[in-house]
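Please keep the sequence and the model in view while reading.

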Amino acid sequence: MRQTWRWFGSDDPVTLADARQAGAEGIVTALHHLTPGVAWTGAAIAQHQAVIRAAGLDWDVVESLPVSEAIKTQTGDWRAHLAAWRDSLDALAAAGIRTVCYNFMPVLDWTRTDLAWPLDHGGTAMRFDLADFAAFDVHVLGRAGAVDDYDAATLDAAAARAAAFDKGAADAAALTRTIIAGLPGSAESWTVADLRAALARYDGIGPDDLRQHYVDFLEAVVPTAERLGIGLCCHPDDPPWPLLGLPRVMSTEADYRAILDAVDSPANGATFCTGSLGARADNDLPGMAARLGPRIHFVHLRNVRRGGAGVPTSFFEDAHLDGDTDMVAVIAALMAEEARRRAAGRADAEMPMRPDHGQALMDDLTRGARPGYTAIGRLRGLAELRGVMRTLESVGVPA
Ligand SMILES: [Mn+2]
């Protein structure tokens with residue numbers, strides 16, 4: 001697999017020079033300053049690409065080309081947003097960029113309850129605690145119907161956390177800020193009232209409606225991607241279950257299969273994120289890597305340790321080779337897919353992968369980075385993953 005590294009642009013505390021020292025071969029990035037629904041222009045793409053090239057790297061993968069809330073809800077300017085999305089694909093292909101990741105999660109891009117959970121070794125990791133999340137949902141957001149989404153033990157634990165908020169023993173505002181950090185754009189600009197308004201846009205949109213909107217989106221953009229030779233790849237839901245009453249439709253193998261079959265084109269592919277999918281004990285990741293393999297265009301390797309076998313559950317972001325996912329088996333399955341592609345003469349035999357998040361280790365603790373996008377933590381992750389790949393290359397991948 002090709003070793004890539006996510007970079008958020010010139011204001012990212014982890015620089016392109018850092019990415020090179022970590023051994024990255026290519027860059028994953030986006031025009032993060034542009035609003036969803038606005039077309040990316042050739043000039044803006046070329047400017048970003050020139051900065052990356054000046055650092056001796058190349059822009060291999062777009063992550064993400066955002067799908068607007070209007071498209072997901074089929075309201076407002078959604079048809080114009082679809083046209084803009086196609087225009088962006090045209091401009092990206094003209095710049096030679098042919099792997100485009102996106103997601104179809106309503107409102108929330110990703111959700112954690114602790115961005116710096118202390119680990120025994122002195123570093124920190126991101127964590128999702130189900131009781132904390134329920135405390136936010138039931139006692140801070142006060143969402144109607146929230147109590148129906150958690151079991152009795154979780155609700156009891158959530159009530160105890162909320163009581164601690166009242167006594168000042170825990171900070172409801174900090175928990176709110178952490179959960180809102182997963183909202184797209186500038187998290188500081190979101191309030192609980194904004195979140196309620198964003199959730200209200202999905203009143204009456206159930207999972208079947210959202211899946212249909214998703215298929216409609218694919219039918220509108222996949223022919224363009226096919227013509228341009230672009231591989232679109234959808235990132236799974238993170239975490240992979242419904243949150244805050246919002247429907248989620250990319251959480252399981254069955255979800256992926258439904259979407260890949262609905263628009264059956266090589267251009268309609270998957271981002272295989274072991275970190276997101278691995279938060280469910282019922283996702284068989286090595287098996288999914290093998291079965292979805294021909295349609296995987298981009299790989300995120302990350303490991304989580306779950307709090308239990310249930311869904312939903314708590315989890316934290318463990319080291320890349322630790323956690324509950326058998327990372328060696330996943331990498332072997334993906335490398336076997338690459339071998340099949342090479343044998344079939346596919347031009348996209350080598351899949352781009354990146355270490356998806358790292359813990360905060362050593363100087364990461366004082367340097368600052370976007371949540372999960374540390375320098376040393378990801379360098380460690382990439383080095384460990386590279387070691388697995390190099391070993392499997394040497395000893396051979398089981399067919
Ligand atoms: Mn990911």
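Two strands are said to pair if DSSP finds at least two bridges between them. Helices (H or I, at least four residues) and strands (E, at least two) are DSSP runs, numbered from the N terminus. The model is a predicted one, in which local features need pLDDT of at least 70 and side-chain atom pairs count only at pLDDT 80 or more, while totals for chains, interfaces and linings use all residues. Residue numbers start from 1 along each chain, as its sequence is written.

**The barrel**

- Eight strands form a closed barrel in the order 1-2-3-4-7-8-9-12, with parallel pairing.
- Strand 1 (residues 2-6) is paired in the parallel sense with strand 12 (residues 352-355) over two bridges, and Arg 2 stands opposite Pro 352 in strand 12.
- Strand 1 is also joined by three bridges to strand 2 (residues 26-29), and the two run parallel; here Arg 6 has Val 28 of strand 2 as its bridge partner.
- Strand 2 pairs in turn with strand 3 (residues 59-63), again in the parallel sense and over three bridges, with Val 28 opposite Val 61 in strand 3.

- Strand 6 (residues 124-128) and strand 11 (residues 315-318) run antiparallel and are joined by two bridges, and Arg 127 has Phe 316 of strand 11 as its bridge partner.

**Helix packing**

- Helix 5 (residues 130-141) packs against helix 7 (residues 172-180) at an angle of about 105°, with the axes 10 Å apart.
- Helix 5 is therefore roughly perpendicular to helix 7; angles under 35 degrees count as roughly parallel, over 145 as roughly antiparallel, 65 to 115 as roughly perpendicular and the rest as oblique.
- Asp 132, Phe 136 and Val 140 of helix 5 meet Ala 172, Leu 175, Thr 176 and Ile 179 of helix 7, a contact between two residues being defined by C-beta atoms, placed from the backbone, that lie within 7 Å.
- The residues of this contact comprise five nonpolar, one polar and one charged (Ala, Val, Leu, Ile, Met, Phe, Trp, Tyr, Cys and Pro count as nonpolar, Asp, Glu, Lys and Arg as charged, and the others, Gly among them, as polar).
- The axes of helix 13 (residues 327-343) and helix 15 (residues 376-395) come within 10 Å and cross at roughly 55°, and the two helices are therefore oblique to each other.
- Met 327, Val 328, Ile 331, Ala 332 and Met 335 of helix 13 make the contact with Leu 385, Val 388, Met 389 and Leu 392 of helix 15; these residues divide into nine nonpolar, no polar and no charged.

**Domains**

- The protein is divided into domain 1 (2-110 + 205-395) and domain 2 (120-181), with bounds that come from an automatic or database domain assignment.
- The C-alpha centres of the two domains lie 28 Å apart.
- In the contact between them, 16 residues of domain 1 meet 12 residues of domain 2.
- Strand 11 supplies three residues, the largest share of the side of domain 1 that touches domain 2.
- By class, that side of domain 1 has nine nonpolar, six polar and one charged residues.

Technical notes. Axes fitted to C-alpha atoms, helices over the stretch in contact; angles between N-to-C directions.
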